[in-house]
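Hi,

Here is the structure I promised you. Have a look at it first, then read my notes below.

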Amino acid sequence: MTPPTTSTPLVLGIETSCDETGIGIVCGEELLVDAIASSVEEHARFGGVVPEVASRAHLEAMVPTLERACAQAGVRLQDLDGISVTSGPGLAGALMVGVASAKALSVALGVPLYGVNHLASHVAVDIVEHGPLPEPTLAMLVSGGHSSLLLVPDVTHDIRSLGSTIDDAAGEAFDKVARVLGLPFPGGPHVDRAARDGQVVIDFPRGLTTGRDMQRHRFDFSFSGLKTAVSRWVEHQRADGVAISVPDVAASFQEAVVDVLTRKAVLACTEHDVAALQVGGGVAANSRLRAMAQERCDAAGIELRIPRPGLCTDNGAMVASLGAQMMIKGRPASDLSLPADSSMPVTDVQSGLPVHVDHDHAH
């Protein structure tokens, strides 16, 4: 392999914020490998992710996944130019496994280390799929833990939060509604599948979309009321002895979520004069969200960028992609005091920066 120039650094990314152990290898803007070991089966019987189980699973999966990624990419560890790792946000114990592994690799190989933000990584992964991000881009991240609208002038150091979830994130609502409907965990894919056979026949509420709510929470999201409305509707039908159509409830619930997400995203693009919308996070794999986002972006003259579903869920490729961008743009490396920060704000794209570096905080 020819030694990469500065515009094509070979970067390995490590992602362990929740229940996927992800190892990605990126050369510049080209994805070489995206290897994942998921512990979702171990959590399914608990109906949610158990932090202790996740941490142990990462420990067991780290070395085999690393070896598999290198073998698939035809890369030796000593070929690497840099290591990138999710520093936060996420489950504290799970993050620690990834951060400790990345520090060990960085020291052993003598290459720079980049501790990056999980949410910023969801934006950066689109680069390996669709090329450089327009600057600025508007990003909507929708996952189990986050529903966020972000203005992104520069994914390596300037991300501004326009709005976020004030209670349940979209993915969380999918999980809870799936449980009410007797569908397996994680709920998103199962609700999506059920909805394809259903009709939108129930008018469930659209949180924070009217009147004073739109003034105070213009780009914020709330799905807690919707989730409660679905539960109550199902309870009332069952109490009256009425058989419920799971596909119809799934389709009606999904439509309410997707309507709110896409409406606010397109509005944010229009009001901030941004011509590109990037959608990421696990819920971005939802077929109805992809379709409605495309319709509304087309109507508003906005370029829509959504990575393929496999790159929307948590993975190492997204972390490697952001690390590679940091190297291409000459951002300073993180130092070995790099923390695992479970509540890292999205406006902090990188952590563990040397104290003397003047870091642009965009709050």
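Before the notes, one thing to know about UniProt annotations: they may be inferred rather than shown by experiment. Also keep in mind that this is a predicted model.

With that said, the UniProt record (an unreviewed entry) puts a "binding site" at L141, V142, S143, G144, G145, D175, G188, D192 and N286. Which of these residues does the lining of the largest pocket include? It includes S143, G144, G145, D175, G188, D192 and N286.

I looked at two of the glycines in more detail. G144 sits in the loop that links β6 (137-142) and β7 (147-154). Leaving out residues up to four places away in sequence, G144 touches A169, G171 and E172. Is G144 buried, partly exposed or exposed? Its relative accessible area is 40%, so G144 is partly exposed.

G188, on the other hand, belongs to helix α7 (residues 187-195). With a relative accessible area of 23%, G188 is partly exposed. With sequence neighbours up to four places away left out again, G188 touches F174 and D175. D175 is itself one of the residues in UniProt's "binding site" list.

Now for a pair of helices. The axes of α6 (residues 170-180) and α9 (residues 224-239) come within 10 Å and cross at roughly 5°. Angles under 35 degrees count as roughly parallel, so α6 is roughly parallel to α9. On the α6 side, K176, V177 and V180 meet K227, V230, S231, V234 and R238 of α9. The residues of this contact split into four nonpolar, one polar and three charged.

Cheers

Notes:
Residues are numbered from 1 along each chain as its sequence is written. This is a predicted model: local features need pLDDT of at least 70, side-chain atom pairs count only at pLDDT 80 or more; totals for chains, interfaces and linings use all residues. Side-chain values use heavy atoms; hydrogens and water are left out. Axes are lines fitted to C-alpha atoms, for helices over the stretch in contact, and angles run from 0 to 180 degrees between N-to-C directions. Helices (H or I, at least four residues) and strands (E, at least two) are DSSP runs, numbered from the N terminus. Angles under 35 degrees count as roughly parallel, over 145 as roughly antiparallel, 65 to 115 as roughly perpendicular and the rest as oblique. Contact means heavy atoms within 4.5 Å. Ala, Val, Leu, Ile, Met, Phe, Trp, Tyr, Cys and Pro count as nonpolar, Asp, Glu, Lys and Arg as charged, and the others, Gly among them, as polar. On a 1 Å grid over the protein atoms alone, a cavity is a set of points where a 1.4 Å probe fits but cannot get out, and a pocket is an open set with protein on both sides within 12 Å along at least five of seven lines; lining residues have an atom within 4 Å of a point. Buried means under 20% relative accessible area, exposed over 50%, partly exposed in between (1.4 Å probe, protein chains only).
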